[in-house]
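Here is a brisk report on one protein structure. Keep the sequence and the 3D view open while reading.

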Amino acid sequence: MLALTNARVLLDEGFADDRAVLVEAGRIVDVVPRSQVGGAKREDLAGAYLLPGFIDCQVNGGGGALFNDDPSVATIRTIGAAHRRFGTTAFLPTLISEDFTVIARAIKAVREAMSSHVPGVAGVHIEGPFINEARAGAHDSAKIRDLDTRDVALLSSLGAGRTLVTLAPEMTTAATLRHLAREGVVLSAGHTDGTFEEVSAALKNGVRGVTHLFNAMSPLHHREPGAAGAALADPDCWCGLIVDGQHVHPAVLKIALAAKRADRFMIVTDAMPNVGSDQDSFMLQGRRVTVKGGICVDETGTLAGSAIDMATSVRNCVEMLGLPLERAARMASTYPAEFLGLEAEMGRIAPGQRANLVALDAKLEARATWIDGQTLTA
Ligand SMILES: [Zn+2]
């Protein structure tokens, strides 16, 4: 038994001091007053914040590796290790629009990574190619195509963890959306030019959320609320947010967060291979992407993923948006766990949960992580 002591622990009721989190066999077994630790091996966290480990639903790359370049177990391991230094204890390697055979390879690699217990991998995110060319962003338009029955079978085939699919709902049918949702695929609308009505209808037909709210979607106009308006008007729709202050203006993030229930917003990084490495450029499907001033842009000046990590995103929520740390932490863990349907396993510090944790220092920098009770110190 391991006892994590001397931390400000984020519990369901808020931060608590002078508690110890007891960990055994990869699970949190109890949270007790420090005086009740007994004979457990103690690890003193020196007053750090102890939060549920961050869960990132959208990670294209890290540590110099890009999932699209080589969808393999080794790439997933490299990306996971790079992001773990920033507090991520669960993530979905994310493949942007690709051909059928590459998608199949990505799903196979994630299945193998999960069965060989690569730390942190919780499933896969297939972002495109079933998207709208009008909102392709940095995706290769030549890859975009219609979703057919063979794709439906492939997208339903992982057999472990979660499969998140970003698609433009106006490019497919309500019956297909409902079918995928019934198969357990988590659907998110993104790279969509759908109208308010189309996206609102999709949210009633199996689509659970939207991918990087405001980016690569029909915008909120006062006479045509678009996909962004549909996401904010639907009380149940989850919204992924890139909180780097560049993808979405901080004022617009604040407006979105004020629009509806707090537990429908989740931080995603949309990170590229430069996160956790010193690269200042990389190749994305044959085009050079340059990293400058905290953003990634392709040769046309289009944003191509982000240069941000989860700990920095949480810090931005606090320092740039003025949110309490508790709320930022839930947006980075509790709410994405619920979005993915993994809340019984992760996203809270409570008995029975997997011991996936992150310790942040007073500057909100990640100092240590635990995945299934195994520690890594930064
Ligand atoms: Zn995207």
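The model is a predicted one. His 191 sits in the loop between β11 (186-189) and α5 (196-204), and His 212 sits in the loop between β12 (207-210) and α6 (226-233), so the pair ties together parts that are 21 residues apart in sequence.

Are these histidines buried or exposed? His 191 has a relative accessibility of 4%, so it counts as buried. His 212 is also at 4% relative accessibility, so it counts as buried. The cut-off for buried is under 20% relative accessible area.

## Overall build

The secondary structure of the protein chain comes to 10 helices and 21 strands. The radius of gyration is 20 Å, close to the 21 Å that the globule rule gives for 378 residues, so the protein chain is as compact as a globular protein of that length. The C-alpha trace spans about 60 × 45 × 40 Å along its principal axes. Of the 378 residues, 58% count as buried.

Begin with strand β1 (residues 2-11). It pairs with β2 in the antiparallel sense, over 7 bridges. Leu 2 has Val 23 in β2 as its bridge partner. A hairpin of 2 residues joins β1 to β2.

β2 also pairs with strand β3 (residues 27-33), again antiparallel, over 6 bridges. Here Ala 20 stands opposite Val 32 in β3. The hairpin of β2 and β3 has 2 residues between the strands, and in it Ala 25 takes a positive phi near 50°. Strands of a sheet pair through backbone hydrogen bonds, either parallel or antiparallel.

Strand β17 (residues 295-297) pairs with β18 in the antiparallel sense over 2 bridges. Ile 295 stands opposite Ser 306 in β18.

## Backbone exceptions

Several backbone angles deserve a check in the viewer. Gly 128 and Pro 129 are joined by a cis peptide bond, with omega about 15°. Pro 129 lies in the loop between β9 (123-127) and α3 (149-155).

Asp 18 is not a glycine, yet it has a positive phi of about 60°. Asp 18 is found in strand β2 (residues 14-24). Its relative accessibility is 44%, so Asp 18 counts as partly exposed.

Leu 364 is another residue other than glycine with a positive phi, near 65°. Leu 364 lies in the loop between β19 (357-360) and β20 (366-371). Is Leu 364 buried or exposed? Leu 364 is buried, with a relative accessible area of 7%.

## Aromatic contacts

How many aromatic pairs does a search of the whole structure find? The search finds 2. One of them is formed by Trp 238 and Phe 339. This pair is tilted, with 5.7 Å centre to centre and 55° between the planes. Trp 238 lies in strand β13 (residues 238-241) and Phe 339 lies in helix α10 (residues 334-340), so the pair ties together parts that are 101 residues apart in sequence. Both Trp 238 and Phe 339 are buried.

Charged side chains also sit over rings. Arg 150 lies over the face of Phe 100, at 3.6 Å from the ring centre. The charged end of Lys 260 sits over the ring of Phe 265, at 6.0 Å from its centre.

Key: Residues numbered from 1 in each chain as written. Predicted model: local features only at pLDDT ≥ 70, side-chain atom pairs only at ≥ 80, totals over all residues. Heavy atoms only, no water. Pairing = 2+ DSSP bridges. Helix = DSSP H or I, 4+ residues; strand = E, 2+ residues; numbered from the N terminus. Buried < 20%, exposed > 50% of the residue type's maximum accessible area, 1.4 Å probe, protein only. Phe/Tyr/Trp six-rings, centres within 6.5 Å; stacked < 30°, edge-to-face > 60°. Lys NZ or Arg CZ within 6 Å of the ring centre and 35° of its normal. Rg over C-alpha atoms; globule rule 2.2 N^0.38 Å.
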